[in-house]
Amino acid sequence: MAELPRQENPNRLINYRPIFEIAIGFILGIAACGALPERGSIIIGAVLIIGAGFTLFMLRSPRSTLFLFAAAAGIALTILMTPKPAEIGSYYLTGKVTEVDTEANSGRIMLTLTDVRLNNNEYGNKVRLVVKSVSYVPEIGDGIYAKAEFAGWNASKDNSSGFDEQKYCYSQGIGLKLTAAKAEKLMTNTLPLYQALASLRRGFLNISDRVFGEDSRTISRMLMGKLETVTDEREQLYREAGVSHILAISGLHMSVIVSFAGSFVPKRHKLLRLALIGLFMGAYCVFAVQTAGILRAAVMTFIVLASSCLEKRSDPLSAISLAAILILLFNPYQLWSTSFQLSFAASLGIILLSPPINRILAKLYFPLKLGISTTLAASIATVMLQMHYFGQLSTYTLLANIVAIPLFSIVLTLAFILIGIGALLPGVAAVLAYVPRGILFVTDGFLNAVSNMPNAVVNVKTPMALACVAVLVIMFLISDYVMRPAHKKAEYCFAAALLFTLSAVPSII
């Protein structure tokens, strides 16, 4: 990434990006609404709107006005999109099945329902229904009936891991999580679009099984995202080695799609090329498991391509800020999604930390400097979040990623190609698949050796969310976006580090 141009104005503190400032205000508004009761959020929102009017007409500061309005908009949107609360008790439920997941360990079935009615009253959000009996396994598109129980959210909240099930369900568009002894079928074929998409995914998985054999599950996860809740041994190995992010859909996937779609249209036809690539990325986002990571990658990639098409200079920080705003506009509770936080933190780390790290590494003489700087930047940005949610620290994550990421890039590219071949010539594709499968085998051996090194995984105290925010602030302060000499940046970082230390004390005690 090209370095930001240095500005000579000594009074200018930050290389301002208006979209970034609006995104920060919007996010702070959403976070405040999630932390406060509804009445308190309304009061804070009203104060922000009054403050915005004061800064606009009295202080003549449009930048501050936009920031305050963005924060107020975040509060208002979160209040409007908060699912309607339900009382604890029993409900007669009907709905249409959009997702089916069988829990291998417990034998229960987890359903996601839309068009839900509770006690014959329409419910505006999706519902997660856990069915204890497997006598009847619903299919996508089935209309079902059940007598369900809502026990409240407190019974399913695990504060020790930083996981809040209520906000997580809200981030998935799910307003309630109910349990039922059994479910009964009322009708079939009620959601043809969902059924068609599920049929396409099953066809993809069948091709993957024929081509990749025992490695099909890993390849399918890399290409489509996680389709089930079961964690296998390979996924556990990747988590211990600190490379579990390679199983998540990211910008690498989009680069493969851009290269494939762009090959059909010459570069001189910029608008047609942009439209075709956008169509391919949109189709992929619908087909794969929808997470914040894939949406972020798609939006950022499209912004960069559109900037090139319009002959405008693209700015990564503005692109990622716009991506965050667009995702949160559809569902502000995505802010509490682990996928959203890890994906955006890693991207911010690369944008903010890669340039200063590259300047340090430029004085050294060894290969893979770019890969090291990118991996190190993303690892620094996400390490506190991983500690917050998982209570673990992978000590050798930098070493594991430097080796694993290039190898998995090759596997991912070959997997895309072989899936296409496998749809027509599965036998040929199965033979060719020994190449990526061999790379997986070698990578697993290396990661297994890394995970067995002394103190490869260290259990740590779970830091507070404020500590995670403090790390992001420090990253921004040492980036090229802060236009101050090194000693001034050091002072700012010391203040932020002090805040970080104070925020970590309660969790250590």
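Here are some notes on this predicted model, going from the whole chain down to a few single residues.

1. Starting with the overall picture, the chain's secondary structure amounts to 18 helices and nine strands. There are 509 residues, and 43% of them count as buried. If you take contacts between residues at least 6 apart in sequence, 73% of them join residues at least 24 apart.

2. Next, helix 2, which runs over residues 38-57. With 20 residues at 1.5 Å each, helix 2 should span 28 Å, and the distance between its end C-alpha atoms is 29 Å, so the two agree. Which residues of helix 2 are buried? They are Ser-41, Gly-45, Leu-48, Ala-52 and Thr-55. Looking down the axis, these buried residues sit within an arc of 90 degrees, so they line one face of helix 2. As a reminder, an α-helix makes a turn every 3.6 residues, so positions three or four places apart point the same way.

3. Staying with helix 2, it's worth checking both sides. Among the elements that cover its buried residues are helix 1 (18-35) and helix 3 (62-81). The face turned away from the buried side carries Arg-39, Val-47, Ile-50 and Phe-57, and these are exposed.

4. Five of its six residues are buried, which means the rest of the structure largely encloses strand 4. How does strand 4 pair with strand 2 (residues 109-118), parallel or antiparallel? The pairing is antiparallel, over five bridges, and within it Ile-109 has Val-131 of strand 4 as its bridge partner. Strand 4 also pairs with strand 6 (residues 174-180), this time in the parallel sense and over six bridges. In strand 6, Leu-178 stands opposite Leu-129.

5. Now Glu-122, which belongs to strand 3 (residues 121-122). The relative accessible area of Glu-122 is 66%, and since exposed means over 50%, this residue is exposed. Setting aside neighbours within four places in sequence, Glu-122 is in contact with Val-116 and Arg-117. The C-alpha atom of Glu-122 is 9.9 Å from that of Gly-95, a residue 27 places away along the chain.

6. Thr-301 is part of helix 10 (residues 292-309). Is Thr-301 buried or exposed? Its relative accessibility is 18%, and the cut-off for buried is under 20%, so Thr-301 counts as buried. Beyond its neighbours within four places in sequence, Thr-301 is in contact with Met-254, Val-258 and Met-281.

7. Last one: Asp-480. Where does Asp-480 lie? You'll find it in the loop between helix 17 (465-477) and helix 18 (486-508). Despite the loop position, Asp-480 counts as buried because its relative accessibility is 7%. The side chain of Asp-480 makes a polar contact of 2.9 Å with the side chain of Arg-359. Asp-480 and Ile-351 are 129 residues apart along the chain, with 9.7 Å between their C-alpha atoms.

Key. Residues are numbered from 1 along each chain as its sequence is written. This is a predicted model: local features need pLDDT of at least 70, side-chain atom pairs count only at pLDDT 80 or more; totals for chains, interfaces and linings use all residues. Side-chain values use heavy atoms; hydrogens and water are left out. Helices (H or I, at least four residues) and strands (E, at least two) are DSSP runs, numbered from the N terminus. Buried means under 20% relative accessible area, exposed over 50%, partly exposed in between (1.4 Å probe, protein chains only). A polar contact is a pair of N or O atoms within 3.5 Å; within protein, one must be able to donate a hydrogen and the other to accept it, and residues adjacent in sequence count only if both atoms are side-chain atoms. Two strands pair if DSSP finds at least two bridges between them. The expected span of a helix is 1.5 Å times one less than its number of residues. The arc is that of the directions from the helix axis to the C-beta atoms. Contact means heavy atoms within 4.5 Å.
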